[in-house]
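Open the model in your viewer and keep the selection panel at hand. The stops below are meant to be taken in order.

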Amino acid sequence: EGGHLIFGLATGYRFVSFRVGSLTLIKEKGKFRFKRFSISGTGGQCLMSPPDIKDGKMPFVLYNLGGSIMNAAVGALFHALYFICPNGSRTAPFVLLFAAVGFITAVMNGVPMRLGAVDNDGYNALAISKSSEAAEAFWVQLSIVGQSARGVRLKDMPEEWFRVPAEESMQNSIVAVRGVLACNRLMDEQKFNQADALMARMLAAESGMAGIHRGLLVCDRIYIELIGVARREAIEAMLTKAQAKYMKSMRRYPSVLRTEYALALLLEKNAARAEGIRAEFEKAAKSYPYPQETESEQQLICLALNKSRRRA
């Protein structure tokens, strides 16, 4: 992640947040603050606001591959140190181990591949390189991150950022993220019918959408069904074993907690469990890096509660 930061700053990006494990340093309204946040399948993340697009181009290779370059450099450094270790030194095996870890992580991050629900840096760089539309989608994605760090909600950001790409364009994983963000904005606007229709279309299509985004879209569809006609068979069809496992792994994510709350309250009719989940949400919200996102989710929790009271 330090590599992303260094090469990002060198190519015109601006710092937004830096996460190791769940500890996150974020620049919030001009001030640095520590928050708690994690994404299943990732050990850290460096997010930066992008430079302007010039002549239809923007720098993205060094920012995306900076981590792999840094891993390889650290591996090379420890490999060199190994050869100057005295014969029989007890530190030599550890130095060689650090060298191996550096090279292995460089390959794992740099060679394009999908690791579980997330894409690695090499995969992202390759996806961006394939078209100007992908580069624009990458710029939009990071611009939204920058606006979020300033406390702006999705519904208040420029509408053109949330244009839904053509279905064939979303074969590209980076372009597909733009479609996911359009769904997220509709949820923030509480335009549930439009959001559900778009999510259903995106989930049914063959696209490059990452597993983490698929799981979150299914979460949103479950919530919409719960506050709508609440057909048990429809909810159970979406709440597969794989989806339940995914939601468990993303337990502290605001939209997942919101959906878990609605499930307990509107499907299970278990008010006590729902209140326990709401308490979890409030605790997680205190350290979540983006308070405007938890504000949006809090409104959806209140909407679920009001639906429960009207149905009682």
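Predicted model: local features only at pLDDT ≥ 70, side-chain atom pairs only at ≥ 80, totals over all residues.

## Stop 1

Select H1, residues 2–10, and pick out Gly3, His4 and Gly8, which are buried. They lie on the same side of H1, because the arc they cover around the axis is only 120 degrees. In general, residues three or four places apart in an α-helix point the same way, because there are 3.6 residues a turn. Step past the end of the helix to Gly12, which follows H1 and has a positive phi, near 100 degrees.

## Stop 2: the loop between H5 and H6

Select Phe162, in the loop between helix H5 (132–149) and H6. Is Phe162 buried or exposed? Its relative accessible area is 7%, under the 20% cut-off, so Phe162 is buried. Now display what surrounds the residue. Neighbours within four places in sequence set aside, the contacts of Phe162 are Ile144, Leu154, Met157, Leu181, Ala182 and Arg185. For a distance across the model, draw a line from Phe162 to Tyr288: the C-alpha atoms are 24 Å apart, with a sequence separation of 126 residues.

## Stop 3

Move to the loop between helix H6 (173–188) and helix H7 (192–204), and select Gln190. Gln190 is not a glycine, yet its phi is positive, near 60 degrees. Most residues other than glycine have a negative phi. With a relative accessibility of 33%, Gln190 counts as partly exposed.

Next, show H7 together with H8. Their axes come within 10 Å and cross at roughly 140 degrees. H7 and H8 are therefore oblique to each other, and their crossing is left-handed. To see the contact, select Phe192, Ala195, Asp196, Met199, Ala200, Met202 and Leu203 on H7, then Arg214, Leu217, Val218, Asp220, Arg221, Tyr223, Ile224 and Ile227 on H8. Coloured by type, the residues of the contact between H7 and H8 comprise eleven nonpolar and four charged, with no polar.

## Stop 4: H8 against H10

The axes of H8 and H10 cross at roughly 100 degrees and come within 10 Å. That angle makes H8 roughly perpendicular to H10. Which residues make the contact of H8 with H10? On H8 they are Gly211, Ile212, Gly215, Leu216, Val218, Cys219 and Ile222, and on H10 they are Gln243, Tyr246 and Met247. Seven of the residues in the contact of H8 with H10 are nonpolar and three are polar, with no charged. Val218 is among the residues of H8 in contact with H7, and Val218 is also among those of H8 in contact with H10.

## Stop 5

Go on to the loop between helix H8 (211–227) and helix H9 (232–238), and select Ala230. Ala230 is another residue to check for its backbone: phi is positive, about 55 degrees, although the residue is not a glycine. Ala230 is partly exposed, at a relative accessible area of 25%.

From there, select Ile235, found in helix H9. Ile235 has a relative accessible area of 1% and is buried. Apart from neighbours within four places in sequence, Ile235 is in contact with Ile222, Glu225, Leu226, Ala230, Leu263 and Leu267. For scale, draw a line from Ile235 to Ile26: they are 36 Å apart, C-alpha to C-alpha, and 209 residues apart in sequence.

## Stop 6: H12 and H13

Finish with helix H12 (residues 271–287) and helix H13 (residues 291–311), whose axes cross at roughly 165 degrees and come within 11 Å. H12 and H13 are therefore roughly antiparallel to each other. The crossing of H12 and H13 is left-handed. Show side chains for Arg278, Phe281, Glu282 and Ala285 on H12, and for Thr294, Glu297, Gln298, Ile301, Cys302 and Leu305 on H13, which together make the contact. The contact of H12 with H13 contains five nonpolar, two polar and three charged residues.

Conventions:
Residues numbered from 1 in each chain as written. Heavy atoms only, no water. Axes fitted to C-alpha atoms, helices over the stretch in contact; angles between N-to-C directions. Helix = DSSP H or I, 4+ residues; strand = E, 2+ residues; numbered from the N terminus. Parallel < 35°, antiparallel > 145°, perpendicular 65-115°, else oblique. Left-handed = near helix turned anticlockwise from the far one by under 90°. Contact = heavy atoms within 4.5 Å. Nonpolar A, V, L, I, M, F, W, Y, C, P; charged D, E, K, R; others polar. Buried < 20%, exposed > 50% of the residue type's maximum accessible area, 1.4 Å probe, protein only. Arc of directions from axis to C-beta.
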